[in-house]
Amino acid sequence: MPSPPMPSPPLPRHLPRPTALPAPRTGARDRPTLLLTGGSGVLGRALIDELAADHDLLCLVRNRPLGDPRVRELRGDLLAPRLGLTPLAWHELALEVDVVLHSAAETNWRMRPADIERTNIHGTEVVLDLAARADAPLYLVSTAFVASAPSEEDARRFPGAAAYLASKTMAEQLVRKADLPGAIVRPSVVMGDSSSGRIAGQQGLTKTLGSMVLGQVPVLPGAPDARVDMVPQDYVTRAVGDLVRGGVGSGEFWLTAGKEAPRLSEIADICAEFAVRRGLPAPQRPRLIPVEAVHRLLLPMLEGTALPEATRRRFQHYAELLLVFQRELPFDTSLGRPHCGTRLSHAGIRAALVRNLESWADDRPALLTRHRAARIVTTPTEVAS
């Protein structure tokens, strides 16, 4: 793991600093006010669903309004001092907020590593300052993959992923050092809802699973028995909601599948079976290459061949995802502990994975139709004797 980055310097003065105040409360103060960062993100929208009934939700937004009648919006910039608010507005915000839930993060590994570190570290510093002034507990959404320290070679090949993991590690250290009430939660790969399969945005996992269904993944890094820890988003948000509602004031919680996580070979089988049920050509199973051979064979091969650029990028993307997200040993899990949601079963994860695939397919009828047509065209015609 590279050395944790140092806290970022102040923003340049030329950057815009929004100063709009949230809309005033409507009605009596009968619920605690929870400030949520990252409400427009994949997990953030599901957190709104989980928390809206019990809290007056105040969501930090910068450029993209949420348009959700259940929340009040605070126009601000996570990277600006005081969120870009005036000193008076910052003081009034601290007086109003009862709980801080920091879910915002830069998760795009294609961003410059310095920008990833800046967002994830400086943003945590700002919300810690607010929570301290508000005398409010702070709940930090981190990632279970802080446990997956990349090697020096991984960090060189995948600087965005390495910067993400280092920045989340540093954010956790800042929270522990601040010694405020609250908790750190560490979800693993967040998949769609366990019942509907729906998710607010297409994640790397969704893209990879869809490509496997379509037979577009000839090679994957990882041994067949390597686990890919994934958790439906409703299990994650329920655990976070339970921790907040229960007033849990300390601890670090692993929102993971643990020993119930599916193996890579099992995921490939589920994708292949799903393709056949949907009338698609039976996809070729990906060839699984042990992780230790990825650097030695696969990635040098990609760099030294005349493969199309899009193909090389896709393989590198899969390698990056799975080198971070798969583990030969299962994580511990806190799910099912008091005030921490419900424990996952292996059968439940399998069922959720199928529902995620169904949701992915239902959103792409034209794509699936084209692949069915390709199957008809390429199937040899039988000739009667």
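1. Accessible areas come from the Shrake-Rupley method with a 1.4 Å probe. For this predicted model, the chain exposes about 18000 Å², and carbon and sulfur atoms supply 53% of that area. Of the 385 residues of the chain, 52% count as buried.

2. The chain contains 12 helices and 13 strands. When contacts with a separation of 6 or more are considered, residues 24 or more positions apart account for 79% of them.

3. Seven of the strands belong to an open sheet, where they follow the order 3-2-1-4-5-6-11 with parallel pairing. Strand 3 (71–75) and strand 11 (252–255) stand at the edges with a single partner strand each, and therefore one side of each has no neighbour in the sheet. From one strand to the next, the twist averages 20°.

4. One place to look is Ile184, whose bridge partner in strand 11 is Glu252. Helix 7 (residues 233–245) packs on the sheet, where it touches strand 1, strand 4, strand 5, strand 6 and strand 11, and its direction makes about 160° with that of strand 11.

5. Helix 1 (residues 42–51) lies across strand 1 (33–37), strand 2 (56–61), strand 3, strand 4 (99–102) and strand 5 (138–141), and runs at about 165° to strand 1.

6. In soluble globular proteins, nonpolar side chains tend to be buried together. Here the largest nonpolar core has 70 residues, and among those with the most contacts inside it are Leu34, Leu101, Met230, Phe253 and Ile267. Helix 8 (residues 264–277) gives the most to this core, with 7 residues. A second, separate core has 29 residues, including Leu60, Leu74, Ala94 and Val126.

7. Met230 deserves a separate look: leaving aside its neighbours within four places in sequence, Met230 is in contact with residues including Ser188, Leu205, Ala257, Ile267 and Leu353.

8. Which residues of helix 2 (residues 87–96) are buried? They are Ala89, Trp90, Leu93, Ala94 and Glu96, and because they cover an arc of only 160° around the axis, they are on the same side of helix 2. These buried residues pack against strand 1, strand 2, strand 3 and helix 3 (113–134). The face of helix 2 turned away from its buried side carries Pro87, Leu88 and Leu95, which are exposed.

Conventions
Residues numbered from 1 in each chain as written. Predicted model: local features only at pLDDT ≥ 70, side-chain atom pairs only at ≥ 80, totals over all residues. Heavy atoms only, no water. Pairing = 2+ DSSP bridges. Helix = DSSP H or I, 4+ residues; strand = E, 2+ residues; numbered from the N terminus. Axes fitted to C-alpha atoms, helices over the stretch in contact; angles between N-to-C directions. Contact = heavy atoms within 4.5 Å. Core = buried A, V, L, I, M, F, W, Y, C linked by side-chain atoms within 4.5 Å. Buried < 20%, exposed > 50% of the residue type's maximum accessible area, 1.4 Å probe, protein only. Arc of directions from axis to C-beta.
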